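This report goes through one protein chain, topic by topic. Please look over the sequence and the structure before reading on.

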Amino acid sequence: MENITAQELFAKSIIEAKESLAEIKPFDIVELKCNRNPVNKVIICVEALFILLDNKTFENDSSWEELQIKFSDPAILQRMNEFKVEGATDKLIDFIKEKCFKQEEWDVKKFRNASNAIYFIGKWIELQVKAYDSLKSRS
């Protein structure tokens, strides 16, 4: 197995996150926003997305209606593309790991069953967290 540095892991994770993002098509976002009664894994994934993008945690779960309003931002894919995980905090990343990744429903491989967008958004989130963790390991 090749020995990869934290900096190389960071770069690889960011590149893979960008590749995942490129797989999300505007139609996928529209389809997701129109979902009136999503399964729980969809809600958890979208919550994790906005925890990262908005750079803040919350005490109560968001309703799907609240998440749909946030998701209606026409620049959502651009926001994801411009996101810099270097601006995240340990508290934020730990919150995502605890609140989202530890949920039984969090399994990115199975997200594709729910939606193409959720699959690639979940993958993007996991890669951003992986990139953040690689940053922390080299400091």
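## Isoleucine 14 and the basis of the model

Isoleucine 14 touches Val85, Gln128 and Ala131, not counting residues up to four places away in sequence; contact here means heavy atoms within 4.5 Å. Isoleucine 14 sits in helix α1. Helices (H or I, at least four residues) and strands (E, at least two) are DSSP runs, numbered from the N terminus. With a relative accessibility of 21%, isoleucine 14 counts as partly exposed. On this scale, buried means under 20% relative accessible area, exposed over 50%, and partly exposed in between (1.4 Å probe, protein chains only). The C-alpha atoms of isoleucine 14 and tryptophan 106 are 21 Å apart, and the two residues are separated by 92 residues along the chain.

The model is predicted: local features need pLDDT of at least 70, side-chain atom pairs count only at pLDDT 80 or more, and totals for chains, interfaces and linings use all residues. Residues are numbered from 1 along each chain as its sequence is written, and side-chain values use heavy atoms, with hydrogens and water left out.

## The nonpolar core

A nonpolar core is a set of buried Ala, Val, Leu, Ile, Met, Phe, Trp, Tyr and Cys residues joined through side-chain atoms within 4.5 Å. The largest one has 44 residues, and Leu49, Ile121, Trp124 and Ile125 touch the most other members. Two or more residues come from each of α1 (6–22), α2 (26–33), α3 (40–54), α4 (64–71), α5 (76–82), α6 (90–101), α7 and α8. The most come from α8, which gives twelve.

Leaving out residues up to four places away in sequence, leucine 49 touches Phe71, Ile76, Met80, Ile121, Trp124 and Ile125. In soluble globular proteins, nonpolar side chains tend to be buried together.

## Helices α3 and α6

The axes of α3 and α6 come within 10 Å and cross at roughly 175°. Axes are lines fitted to C-alpha atoms, for helices over the stretch in contact, and angles run from 0 to 180 degrees between N-to-C directions.

## Cysteines

How many disulfides are there? A disulfide is a pair of cysteine sulfur atoms within 2.5 Å, and by this rule the count is zero. Cysteine 100 is in no disulfide either, and the nearest cysteine sulfur, that of cysteine 45, is 8.3 Å away.

Cysteine 34 is exposed, with a relative accessible area of 52%, whereas cysteine 100 is buried, at 0%.

## Two serines

Serine 115 lies in the loop between α7 (108–111) and α8 (116–137). Serine 115 is buried, at 9% relative accessibility. Its side chain reaches the backbone nitrogen of alanine 117 at 3.1 Å.

Serine 134 is in helix α8 and is buried, at 2% relative accessibility. A polar atom of its side chain lies 2.7 Å from the backbone oxygen of alanine 131. Beyond residues up to four places away in sequence, serine 134 touches Ala6, Leu9 and Phe10.

Note on methods. Polar contact = N/O pair within 3.5 Å; in protein donor to acceptor, adjacent residues only side chain to side chain.
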